[in-house]
Amino acid sequence: MLGGRLLEGAAGNAGHIGHVVVEPEGRRCACGGQGCLEAEASGPSIRAAFGVDPAEAPDAVRARTGTLVGRGVASVANLLDLRLAVVAGSVALGFGDLFLAAAQAELDRRCRLDFSVGTRLTAARLGADAPLVGAAAVGWAGLGEL
Ligand SMILES: [Zn+2]
């Protein structure tokens with residue numbers, strides 16, 4: 001969201017943070033890149049890299065994932081002058097406080113510009129319904145209702 005409106009981009013993909021590079025020498029990504037957030041911190045990538053179901057991931061994996069998400073969000077916050085990031089999805093919501101604390105610590109470490117100091121990251125309050133509510137909002141906006 002920017003100025004109270006959904007920022008769409010030329011092809012409707014603005015805000016798709018999954019292909020921000022968080023580990024330059026990291027895992028190959030389906031996009032053809034390497035070390036993208038999606039290749040490092042998504043449920044399937046965690047399963048492939050660590051051989052565990054994300055729901056059973058040990059604390060070290062949860063913390064590492066939070067750090068990588070914080071790293072990606074920090075790049076976006078420093079680029080776009082954003083002060084709040086809301087995260088959702090089974091990994092972000094399922095990994096809980098350890099994940100959120102690691103993500104915030106990484107944000108605090110990397111958001112050092114006058115305008116980005118204090119950038120916060122929080123879990124979506126709508127929980128697992130957040131993507132559906134967001135999709136409905138996009139639909140309403142398309143109809144000129146928002
Ligand atoms: Zn990618």
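Me: What radius of gyration would a compact globule with 146 residues have, and what does the protein have?
Reply: This is a predicted model. A compact globule with 146 residues would come out near 15 Å, and the protein has 15 Å, so the two agree. Its C-alpha trace spans about 45 × 35 × 30 Å along the principal axes.

Me: How many helices and strands are there?
Reply: The protein has 5 helices and 2 strands. Starting at the N terminus, the order is α-α-α-β-α-β-α.

Me: What span should helix H3 have?
Reply: H3 covers residues 59-80, which is 22 residues, so at 1.5 Å a residue it should span 32 Å. Its end C-alpha atoms are 31 Å apart, which agrees.

Me: And what comes just after H3?
Reply: Aspartate 81, which takes a positive phi of about 60°.

Me: Switching to the inside. Which residues have the most contacts in the largest nonpolar core?
Reply: Leu37, Val69, Val73, Ala103 and Leu121, in a core of 26 residues. Helix H1 (37-41), H3, strand S1 (84-87) and helix H4 (90-110) each supply at least two residues of this core. H4 gives the most, with 8 residues.

Me: What does valine 69 touch?
Reply: Leaving out residues up to four places away in sequence, valine 69 touches Leu37, Ala41, Val87, Ala92 and Ala103.

Me: How much of the protein is buried?
Reply: Buried residues are 27% of the 146.

Me: And which share of the contacts comes from residues 24 or more positions apart?
Reply: Among contacts with a separation of 6 or more, such residues account for 56%.

Methods: Residues numbered from 1 in each chain as written. Predicted model: local features only at pLDDT ≥ 70, side-chain atom pairs only at ≥ 80, totals over all residues. Helix = DSSP H or I, 4+ residues; strand = E, 2+ residues; numbered from the N terminus. Rg over C-alpha atoms; globule rule 2.2 N^0.38 Å. Buried ≥ 20, exposed ≤ 12 C-beta atoms within 10 Å, placed from the backbone. Contact = placed C-beta atoms within 7 Å. Expected span 1.5 Å × (residues − 1). Core = buried A, V, L, I, M, F, W, Y, C linked by C-beta atoms within 7 Å.
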